[in-house]
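Have the structure open while you read.

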Amino acid sequence: MRLLDSRDHLGELPRVGPRFIDALESSGLAGRGGAGFPAGVKWRAVAQRSRGDAVILVNGAEGEPRSKKDRVLMCARPHLILDGAFIAARVLRAGRIVLYIGERHTAARDSMLRALGERPEPERGLVSLAAAPARYVAGAEAAAVHMVNEGLATPTNTPPYPFERGVDGAPTLVQNVETLAHAALLARTGSIPGTMLLTLAGAAARPGVVEVDEGTTIGEAIQRAGGVAETPRAVLLGGYFGSWVEPERAWKLQLDHRSLRDQDLGLGCGVIGLLPARGCPVCETAGIMRYLATESSAQCGPCFFGLRALADACTRIAEGGADPDALRRLHRWSADVRGRGACKHPDGAVIFLSSALTVFAREFAEHASHLARRIA
Amino acid sequence: MSRAHGLVVDRIKCDGRGLCAELLPELIRLDDWGYPILAPGAVPQHLLPLAQRAVEECPVLAIALRRTEHRR
């Protein structure tokens with residue numbers, strides 16, 4: 001059974017108890033929000049702390065600009081997501097479910113609310129709605145909890161993690177909508193569907209959301225969606241916190257969390273962006289760095305000032321106005337910024353940038369030397 | 001295994017005043033924007049008094065000494 005092409009409402013909820021966590025753990029289901037954290041471990045951590053007061057935060061913020069898969073799923077299978085949330089509530093003895101949905105994703109929100117209206121009491125009464133601001137960091141776990149608690153979608157210091165002290169101070173499971181849908185199918189059928197949702201963006205012939213079997217190669221996934229619209233120069237794997245990969249290498253990569261992690265890559269939230277060969281990789285990288293700098297929640301100095309400085313330097317290189325030391329500074333600042341925020345925003349940005357400096361080393365060097373040539 | 005002390009910075013509280021780096025340059029340097037970068041690992045015994053001073057003098061109370069289990 002797949003996520004996207006099945007009937008949405010599958011009938012009464014299956015009976016599940018604490019043993020379901022064992023099944024979730026052995027299924028190996030990894031979170032689909034971006035970090036790929038094992039779902040079973042998360043559920044176990046909340047279960048151990050719940051005294052009947054746990055909270056399920058259904059994460060449909062989808063703040064990643066290129067990603068559409070969570071919205072598509074919320075529109076297509078709202079009941080399956082709700083099943084996952086209700087099952088989590090039973091297994092973790094939760095008294096409250098919060099649907100946290102991007103404020104601009106109105107079709108997704110309406111679809112979820114319509115489905116909720118079709119659910120029986122008393123379950124329906126557990127659920128409330130919270131709007132996620134259209135900011136990149138709003139979907140981060142701690143930011144989501146902060147938003148529900150205090151109306152501020154900014155990350156907080158961890159620990160305490162949401163599973164320790166989350167919404168209303170209670171142990172909270174923050175779980176992406178796609179992950180919950182997989183968990184719901186596991187409870188119903190005894191196995192996870194073994195598929196994943198991807199958003200194909202950029203120079204794909206048919207950009208949009210596809211569902212593929214885990215282990216499919218990127219090349220196959222793109223072929224199945226109609227191939228490429230034009231020759232790509234590079235593939236951005238995993239969205240803006242992801243990495244640029246050379247097309248020859250990317251095409252052969254298998255889409256599963258473990259094998260990607262072994263190669264220091266990640267699927268992130270499942271965005272696969274194709275940069276067309278006629279595009280300028282330096283300009284594209286500078287644009288994304290500018291975006292990530294703007295999306296800093298401006299709480300931690302190294303992130304707020306560091307990402308800005310990095311974005312400015314990238315822009316100067318892209319415009320050919322950089323001094324000869326610009327590239328060296330990019331490397332030094334990247335190392336300085338990493339690991340020095342309350343959340344992983346600065347880390348994600350510099351991991352992305354370091355992949356650009358590797359894959360586009362030639363382009364960066366040529367751009368950076370524009371000014372040197374002009375002076376000479 | 002022995003008890004050791006490590007420095008931690010609350011990145012949200014830290015305002016980049018830089019006093020810590022002046023008091024304890026052996027373990028703390030500032031990045032290009034004035035925010036502290038800590039040397040990894042435990043604080044050596046002979047620097048503990050200075051580390052304590054850096055903690056106490058921080059105007060926004062952003063830096064702390066924590067007891068850690070530290071492998072040697």
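Chain B has two helices and four strands, where helices (H or I, at least four residues) and strands (E, at least two) are DSSP runs, numbered from the N terminus. Along the sequence they come in the order β-α-β-β-α-β. Keep in mind that this is a predicted model: local features need pLDDT of at least 70, side-chain atom pairs count only at pLDDT 80 or more, and totals for chains, interfaces and linings use all residues. Residues are numbered from 1 along each chain as its sequence is written, while chains are lettered from A and ligands numbered from 1 in the order in which they are written.

How does the radius of gyration of chain B sit with that of a compact globule? With 72 residues, such a globule would come out near 11 Å, and chain B has 12 Å, which agrees. (The radius is taken over C-alpha atoms, and the globule rule is 2.2 Å times the number of residues to the power 0.38.) The C-alpha trace of chain B spans about 35 × 20 × 20 Å along its principal axes. Of its 72 residues, 25% count as buried, meaning that 20 or more other C-beta atoms lie within 10 Å of a residue's own; exposed means 12 or fewer, partly exposed is in between, and C-beta atoms are placed from the backbone. Among the contacts in chain B with a separation of 6 or more, 62% join residues 24 or more positions apart; a contact needs C-beta atoms, placed from the backbone, within 7 Å.

Chain B meets chain A through nine of its residues, which contact eleven residues of chain A. That side of chain B divides into five nonpolar, one polar and three charged residues. Here Ala, Val, Leu, Ile, Met, Phe, Trp, Tyr, Cys and Pro count as nonpolar, Asp, Glu, Lys and Arg as charged, and the others, Gly among them, as polar.

| Domain of chain A | Residues |
|---|---|
| Domain 1 | 20-189 |
| Domain 2 | 195-276 |
| Domain 3 | 281-375 |

The centres of domain 2 and domain 3 of chain A, taken over C-alpha atoms, are 24 Å apart. Ten residues of domain 2 contact twelve of domain 3. On the domain 2 side, strand 7 (232-237) and strand 8 (243-245) of chain A each give two or more residues, and strand 8 gives the most, with three residues. That side divides into six nonpolar, two polar and two charged residues.

Next, helix 1 (residues 20-27) of chain A. Its buried residues include Phe20(A), Ile21(A) and Leu24(A). Seen down the axis, the buried residues of helix 1 fall within an arc of 100 degrees, so they line one face; the arc is that of the directions from the helix axis to the C-beta atoms. An α-helix has 3.6 residues a turn, so residues three or four places apart point the same way. The face turned away carries exposed Asp22(A) and Ser26(A). Cover for the buried side of helix 1 includes helix 2 (39-49), helix 4 and helix 7 (177-189) of chain A. Just after helix 1, Gly28(A) takes a positive phi of about 75 degrees.

Helix 5 of chain A buries Ala108(A), Arg109(A), Ser111(A) and Met112(A). These fall within an arc of 165 degrees, so they line one face of helix 5. On the other side, Thr106(A), Ala107(A), Arg114(A) and Gly117(A) are exposed.

Key. Contact = placed C-beta atoms within 7 Å. Domains from an automatic or database assignment.
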